[in-house]
Amino acid sequence: MRRVLTVAVGVVAALLVVMVVNAYFVNRQTKPAHAGVGRLVALPGGAIQVREDGPRQAPAIVLVHGWTAAINWWDRLTPLLDDSYHVVRVDLLGHGGSAKPRDGYSMEEQADRVATVLEQLGVRRAMVAGHSTGGEVAIALVARHPEQARNLVVIDSEPNESYTTVDLLGKLAVTPLIGQALWPIASDSTIEDGLKQAFATDQVPVPAQFVQDFRDMTFDSFKDTFDESSSYVEDGDLERDFRSVALPEMVIFGAQDRLIDADKSISLYKQWKPGARTALVQGAGHSPMWEQPAKTAGLMVSFDRSSAR
């Protein structure tokens, strides 16, 4: 029995060593920026991919995607806006075609980076709209650079971490050592199953490009963005910044969001800012701009027009 126990301890120790070594190398991975659906804007710390659609002289709308996503998560919404708006889509650092360095993933750093991109593009007084983690970046951007915005739209961004539901695989994916061990072996079907939570039902097809967006990340950009997003909410920075915004604000949630409690979230946002406009999009989960783009675009345009009066 003692021999069996000794062997078992040795196996566990060896496995732990392998996991530590694997984590070391996985954590050190970086990737350069590459232009895919847009063009690159060179910035200190890493180039950012940006795409512009619609007439440049039209009022601007800036769209900021969420965690593990990219520019193309707005593909169904953009054609409904770009006749009347200059639509600017940005890949956050660590996502899509933007660079994937080892650091620089706080919501404030991401917000400042987007602000610098907008300055270089000559975009001012934009509607700034962000989805999920991108909503947090949008809030930080408008709070820190109010001169660049005319209003703010937050789409399915949790105001309180206790309102979120994460499945077991999602928890394991961000657990030290375990997450790094799972990262290189995750199959396309596993990634697809995880992404299905972003929609109202599992029957909503997950585009292959969304799976590729996930694969384009490094573990550092994946884990650090998750950690920084959580800290921004838990530390009260999201509440502070949302309350501080002096511009018109709108909060949109998919009524069937399976990741975040939509009703509780809207109630808390209204508690923070009673004047903020809110809306629930029926037939949509966590990603109304993909599942119900016409309804989402209609809400955004109506809000923009009314807030301009």
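Trainee: Let's start with helix 3 and helix 9: at what angle do they pack, and how far apart are their axes?
Mentor: Helix 3 and helix 9 (residues 237-244) pack at about 50°, and their axes are 9 Å apart. Keep in mind that this is a predicted model.

Trainee: OK, what about helix 2 with helix 3? What are the angle and the axis distance there?
Mentor: Helix 2 and helix 3 pack at an angle of about 65°, and 8 Å separates their axes. The two helices are therefore roughly perpendicular to each other. Helix 2 passes helix 3 in a right-handed crossing.

Trainee: Who is touching whom in the contact of helix 2 and helix 3?
Mentor: On the helix 2 side you have Met107, Glu108, Gln110, Ala111, Asp112, Val114, Ala115 and Leu118. On the helix 3 side you have Thr133, Glu136, Val137, Ala140, Leu141 and Arg144. Sorted by type, the contact of helix 2 with helix 3 has eight nonpolar, two polar and four charged residues.

Trainee: Switching to the sheet: what is the strand order?
Mentor: Eight strands form an open sheet in the order 1-2-4-3-5-6-7-8, with mixed pairing. Strand 1 (39-41) and strand 8 (277-281) are the edge strands, each pairing on one side only. On average, neighbouring strands of this sheet are turned by 25° against each other, ignoring direction.

Trainee: How many bridges join strand 6 to strand 7?
Mentor: Four bridges join strand 6 (residues 149-155) to strand 7 (residues 249-254), and the two strands run parallel. If you want a residue to look for, Val154 has Val251 in strand 7 as its bridge partner.

Trainee: Where does helix 2 sit on the sheet?
Mentor: Helix 2 (residues 107-121) packs on the sheet and touches strand 1, strand 2 (48-53), strand 3 (60-64) and strand 4 (86-90). The direction of helix 2 makes about 50° with that of strand 2.

Trainee: And which strands does helix 3 lie across?
Mentor: Helix 3 (residues 133-144) lies across strand 3, strand 5 (126-131) and strand 6, and it runs at about 145° to strand 5.

Trainee: One more pair: how do helix 6 and helix 7 cross?
Mentor: The axes of helix 6 (residues 188-195) and helix 7 (residues 208-215) come within 10 Å and cross at roughly 105°. That makes helix 6 roughly perpendicular to helix 7. Asp188, Ile191, Glu192 and Leu195 of helix 6 meet Phe210, Val211, Phe214 and Arg215 of helix 7. The contact of helix 6 with helix 7 has five nonpolar, no polar and three charged residues.

Trainee: Zooming out, how many helices and strands does the protein chain have?
Mentor: The protein chain has twelve helices and eight strands. Its radius of gyration is 20 Å, close to the 19 Å that the globule rule gives for 309 residues, so the chain is as compact as a globular protein of that length.

Trainee: What box do the C-alpha atoms fill?
Mentor: Along the principal axes, the C-alpha atoms of the protein chain fill a box of roughly 80 × 40 × 35 Å.

Key: Residues numbered from 1 in each chain as written. Predicted model: local features only at pLDDT ≥ 70, side-chain atom pairs only at ≥ 80, totals over all residues. Heavy atoms only, no water. Pairing = 2+ DSSP bridges. Axes fitted to C-alpha atoms, helices over the stretch in contact; angles between N-to-C directions. Contact = heavy atoms within 4.5 Å. Parallel < 35°, antiparallel > 145°, perpendicular 65-115°, else oblique. Left-handed = near helix turned anticlockwise from the far one by under 90°. Nonpolar A, V, L, I, M, F, W, Y, C, P; charged D, E, K, R; others polar. Rg over C-alpha atoms; globule rule 2.2 N^0.38 Å.
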